[in-house]
Structure formats: C-alpha cells, structure tokens
Amino acid sequence: MSTDQLSITLSALAHPVRRSILTRLSEGDLTVGELAEPFDLTRPAVTKHLNVLERAGLIERCRDAQRRPCRLRPEPLKSVLALVESFAKHWDESFDRLDDLLTNGGGARN
Amino acid sequence: MKTGVNVCERADECDLVFTREFSAPVEAVYEAWTQPELLKEWWGPYGFSMTINEMSIAIGGIWDYVLHGPDGVSYPNRAVFEEVLPMQRLVIRNTGGHSVSQHLTCRMIVEFKGHGPSTVVTLTMRFATSAALGRARVMGAEQGGVESFERLAKQVGGKKL
C-alpha cells in the first residue's frame, strides 16, 4: 500500500462516485444525505466513500453544525492536477502534430 | 483540451489515459506510430524534436530515442516493445525522459480502433505509483501550483473511461 500523499490522493480519486462527490462539493458544502441523493447507493456506502476522501484529506466534516456538512479541501489535488496537466499538455500537443501530419498527408513539417 | 484524459488506480499502479480521435484510417495512424521518419515528425510537445537512434518494431525490439527541448536540453529515452499487434495494440516499456519536467518511466499501452475513415487512439501511461509517479511529482508537479478545482473536475473526473 502506497503511503505518499500523491498515491493516496490518486487512490481516492480512482472511483467515479468519489470524483462525482468532489465535483458536487466544489459548488458548496453538502450533508451525507444530500450527497447520497443522486446515487443508487445506501447511505453507509456513501459514508464509506466519504471516509476514503476524508483520510486522503480531500474533504472535512464540519463539527459545528448539527447537520455536519462535508466540505471540499482542494489542497492535495494540486500536485495531481499539475502532474496530469503536464502530461495532458505533452500528449495534446503531440496529437495535434500527429493530426496535422495525417491531415496533410505527411508533407507538413512545422 | 481536445484529448480526453482519465485517471484510474489499482493497488500498485496508476493509469493516466489519453484518448484522441483522428480523421484518418487505422492503417495511416498505425504507420505514423511505427515508421521512424513519420514518428519523429509529431512525437513530443510543441517545439520539441526527436532523434531516433534505433527502432525495431517487434516483441523485445528496442526503441532508442532522444527528445530535444526548445531550450536545447536533450532527454534520452530507451524503450522496449513488449507487445506488437499491428493496427491494434502496442505496449512499450519506456525508461528515462524528463520531457516537460516529467519522468516518463512507465509502460505505454497504445490501442488503435479503426472506424472506417477515422481512428480512436487510446494511450495509457501506466506508472508504478510508489516509484515512478512519486519521482514525477518531485521532478515537476510541485512546481505547477494549479489551483482551479473545476479544471481538475473537467480533466480527471469529467471524462468517462
């Protein structure tokens, strides 16, 4: 089991339900019940995903309010985002050039 | 961003998956990946060029190449072809390459799906998370400092596998 922060963050992001939860929390705090609504999942199942996100430091549960809403903590995402973006740039630009090459029948060179 | 991106992880591996559709039949796309004189026309980000010292498209075949950055820095790479299924699939074990400040030590799985006049290419970069991706983080990611969560949602979460 990897223990460095990037691996933990990636593991937490590796499930579509958890990515969807993070996306919704980016628009504002929500309770477990509110988060569970759009999914065909039980509340305990959603809670399990929230626990993974909380351990990865991607969310926090506010203690003050009775409803204990979940809140996004985006800091750990920065290293993942920067990494993914730099590879995405690498391939997007390479594939642009490949696209040019294929479209222009191999005659193009910058 | 015209290239679709996704991230998924298993126990010890992390995949970065890039998908792009090209307006060319699979034969032409495959040729552009496997003919050295065509490959060096497009491989690498803007401003980069490539020297191919050796390229043998066969299982166990070596692909020895150097990427030249626009700043004059060279990034040597050495790869081995682990699977070669013409017009369908290439698996390349790549070692080296600090291109765009990133460590490119990973397994690249390239899948070609021809649909008549167009072809979908899916490129999976498969990293051993604890090792290579950790190095990639040290090499480049921390200098990034990108903050917008929306962009992550779009790039990481917004694309379906």
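I note that the model is predicted. A:Gly33 belongs to helix 3 of chain A, residues 32-36. I then took the C-alpha to C-alpha distance from A:Gly33 to A:Val46 and got 8.9 Å; in sequence these two are 13 residues apart.

Next I moved to chain B and its strands. How many bridges join strand 5 and strand 6 of chain B? I found eight, with strand 5 (residues 74-85) and strand 6 (residues 89-96) pairing in the antiparallel sense. Opposite B:Asn77 I found B:Gly96, in strand 6 of chain B.

I followed the hairpin of these two strands and noted three residues between them. B:Met87 sits in that loop, between strand 5 and strand 6 of chain B. Its phi is positive, near 65°, and B:Met87 is a residue other than glycine. I also checked the surroundings of B:Met87: there are 15 C-beta neighbours inside 10 Å, so B:Met87 counts as partly exposed. That count falls between the limits of 12 or fewer for exposed and 20 or more for buried.

Last, I asked which strand 7 residue of chain B is the bridge partner of B:Val91. The partner is B:Ile109. Strand 7 of chain B covers residues 106-115 and pairs with strand 6 of chain B in the antiparallel sense, over six bridges.

Methods
Residues numbered from 1 in each chain as written. Chains lettered and ligands numbered in written order. Predicted model: local features only at pLDDT ≥ 70, side-chain atom pairs only at ≥ 80, totals over all residues. Pairing = 2+ DSSP bridges. Helix = DSSP H or I, 4+ residues; strand = E, 2+ residues; numbered from the N terminus.
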